[in-house]
Amino acid sequence: MTDKNDMSQENSIFIGEGVVFKGSIKAPNQAIISGKFDGELEARDVLIGASGVVTGKTTAQFVDVKGELNETVTSRELLIVRGTGRVNGAVTYGEIEIERGGQIKGDMIQR
């Protein structure tokens, strides 16, 4: 049985702090990463927590980075790099927002 509060969790994946995942994930809704992910990640929204580290190919409409995102990133609509966030690699984005302290290193292409 689900209630209204659980609806946002449907078709989503959560990788908790301390969890290490290697492989490929395609989630129709959100991918919330607080652990370590290595591989190909595709979701509508990718949310990387302060302890999260994602390495590989990441594709989403919306990407919010509080932790670390490495290699190839495609954010079709909005990429937000928070003050604690670090993005390294080839970045393609629709719009970008970088908070004070946020870091981006690599090639950047606006769609």
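User: How many helices and strands are in the protein chain?

Analyst: The protein chain has zero helices and eight strands. Keep in mind that the model is predicted.

User: And what pattern does that give along the sequence?

Analyst: Reading along the sequence, you get β-β-β-β-β-β-β-β. The radius of gyration is 13 Å, close to the 13 Å from the globule rule for 111 residues, so the chain is as compact as a globular protein of that length.

User: What box do the C-alpha atoms fill?

Analyst: Taken along the principal axes, the box is roughly 45 × 25 × 25 Å.

User: OK, pairing. How many bridges join S4 to S5, and are they parallel or antiparallel?

Analyst: Strand S4 covers residues 53–65 and strand S5 covers residues 68–81; twelve bridges join them, and they run parallel.

User: What about S5 and S6?

Analyst: S6 takes in residues 86–98, and twelve bridges join S5 to it, again with the strands running parallel. Thr74 is opposite Thr92 in S6, and Ser75 is opposite Tyr93 in S6.

User: Which strand does S6 pair with over residues 103–105?

Analyst: That is strand S7, joined to S6 by three bridges and running parallel to it. In that pairing, Arg86 has Gln103 in S7 as its bridge partner. S6 also pairs with strand S8, residues 108–110, in the parallel sense over three bridges. There, Tyr93 has Gln110 in S8 as its bridge partner.

User: Back to Ser75. Is it buried or exposed?

Analyst: Ser75, which lies in strand S5, has a relative accessible area of 0%. The cut-off for buried is under 20%, so Ser75 counts as buried.

User: Which residues is Ser75 in contact with, leaving aside those within four places in sequence?

Analyst: On one list are Ala60, Gln61, Phe62, Val63, Thr92, Tyr93, Gly94 and Arg111. Tyr93 is also the residue that Ser75 stands opposite in S6.

User: New topic: the largest nonpolar core. Which residues touch the most other members?

Analyst: Leu41 and Leu69 do, out of 21 residues in that core. The elements giving two or more residues to this core are strand S2 (20–33), strand S3 (36–48), S4, S5 and S6.

User: Which of them gives the most?

Analyst: S3 does, with five residues.

User: And what is Leu41 in contact with?

Analyst: Leaving aside neighbours within four places in sequence, Leu41 is in contact with Ile25, Ala31, Ile33, Val46, Val54, Lys57, Thr58 and Thr59.

User: How much of the whole chain is buried?

Analyst: Buried residues make up 38% of the 111 residues.

User: Last one. What share of contacts comes from residues 24 or more positions apart?

Analyst: Among contacts with a separation of 6 or more, those residues account for 2%.

Key. Residues numbered from 1 in each chain as written. Predicted model: local features only at pLDDT ≥ 70, side-chain atom pairs only at ≥ 80, totals over all residues. Heavy atoms only, no water. Pairing = 2+ DSSP bridges. Helix = DSSP H or I, 4+ residues; strand = E, 2+ residues; numbered from the N terminus. Buried < 20%, exposed > 50% of the residue type's maximum accessible area, 1.4 Å probe, protein only. Contact = heavy atoms within 4.5 Å. Core = buried A, V, L, I, M, F, W, Y, C linked by side-chain atoms within 4.5 Å. Rg over C-alpha atoms; globule rule 2.2 N^0.38 Å.
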